[in-house]
Amino acid sequence: MRELMWDEDRQFFFPLLKNDEERDGFTMRALSRTYESGEHAGDPHGRELIGYVPWQFKMWTGTHAYDSAWKKLMERDGFFADYGPTTVERNDPMFLLKDSCCWWSGQSWPYATTQTLKALANSLQDGNRVLSKDNYLELLGIYARSHRKDGKPYLAEALHPDTGSFKGHDGYNHSEHYLHSGYCDLIVTGL
């Protein structure tokens, strides 16, 4: 995982394509990381929030050079947002906010935020000095505020990272009961 997914130049973990994929006349090669091939080849962005998942599962212990990836979490041109974090860094050429279901292009996804906060808690407990406990508390507060709609407790699959609106993401019988047990874990083992 470390050898294939870590990009030393961009200081982040990136997903890999399993197979070659064609899109709009561009080929993205199998086992290439985001933007190593295809239409946006060479672009310095491509970071997705899921790049923090290795820390969620404690793929290593103690501090590591990989900890530099955490800088992007608290940067406005990275993932940070008032109701975020965003799923894709803001300067990414594919960043797009939509008022419709199931876009992994910039919206804030509460489950992905849960994974990220769990990963950050693990990293901080292992000695990460890139971010602080105050950063965790700030992100946890943002996450808690995102669990509201019209002044009442609520959570759907995704929300606008800048406004907190669930518009387009909380259709009837779709995801209006999205609360998951990860929230409690963030309080018990993270906070």
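In the predicted model, helix 3 and helix 4 meet through P110, T113, T114, L117, L120, A121 and L124 on the side of helix 3, and through K133, Y136, L139, L140 and Y143 on the side of helix 4. The residues of this contact divide into 9 nonpolar, 2 polar and 1 charged. Helix 3 spans residues 110-125 and helix 4 spans residues 133-145, and their axes, which come within 10 Å of each other, cross at roughly 165 degrees. Because angles over 145 degrees count as roughly antiparallel, helix 3 and helix 4 are therefore roughly antiparallel to each other, and their crossing is left-handed.

Helix 4 is also in contact with helix 5, which is formed by residues 182-190; the axes of these two helices come within 12 Å and cross at roughly 155 degrees. That angle makes helix 4 roughly antiparallel to helix 5, and here, too, the crossing is left-handed. From helix 4, the residues Y136, L140, Y143 and A144 take part, and they meet Y183, L186, I187 and G190 of helix 5. The division by class in this contact is 7 nonpolar, 1 polar and no charged residues.

Attention then turns to the open space in the model. The largest pocket has a volume of about 620 Å³, and its lining consists of 24 residues, of which R23, T34, Y35, E48 and M94 lie nearest the centre of the pocket. Strand 3 (21-23) and strand 4 (26-28) are the elements that give two or more residues to this lining. When the lining is sorted by class, it comprises 11 nonpolar, 7 polar and 6 charged residues.

Two features of the backbone are found in loops. The peptide bond that joins G84 and P85 is cis, with an omega of about 10 degrees, and P85 has its place in the loop between helix 2 (53-56) and helix 3.

Methods. Residues are numbered from 1 along each chain as its sequence is written. This is a predicted model: local features need pLDDT of at least 70, side-chain atom pairs count only at pLDDT 80 or more; totals for chains, interfaces and linings use all residues. Side-chain values use heavy atoms; hydrogens and water are left out. Axes are lines fitted to C-alpha atoms, for helices over the stretch in contact, and angles run from 0 to 180 degrees between N-to-C directions. Helices (H or I, at least four residues) and strands (E, at least two) are DSSP runs, numbered from the N terminus. Angles under 35 degrees count as roughly parallel, over 145 as roughly antiparallel, 65 to 115 as roughly perpendicular and the rest as oblique. A crossing is left-handed if the near helix is turned anticlockwise from the far one by less than a right angle, and right-handed if clockwise. Contact means heavy atoms within 4.5 Å. Ala, Val, Leu, Ile, Met, Phe, Trp, Tyr, Cys and Pro count as nonpolar, Asp, Glu, Lys and Arg as charged, and the others, Gly among them, as polar. On a 1 Å grid over the protein atoms alone, a cavity is a set of points where a 1.4 Å probe fits but cannot get out, and a pocket is an open set with protein on both sides within 12 Å along at least five of seven lines; lining residues have an atom within 4 Å of a point. Grid points are joined across faces, edges and corners, and a volume is the space filled by probe spheres set on the points.
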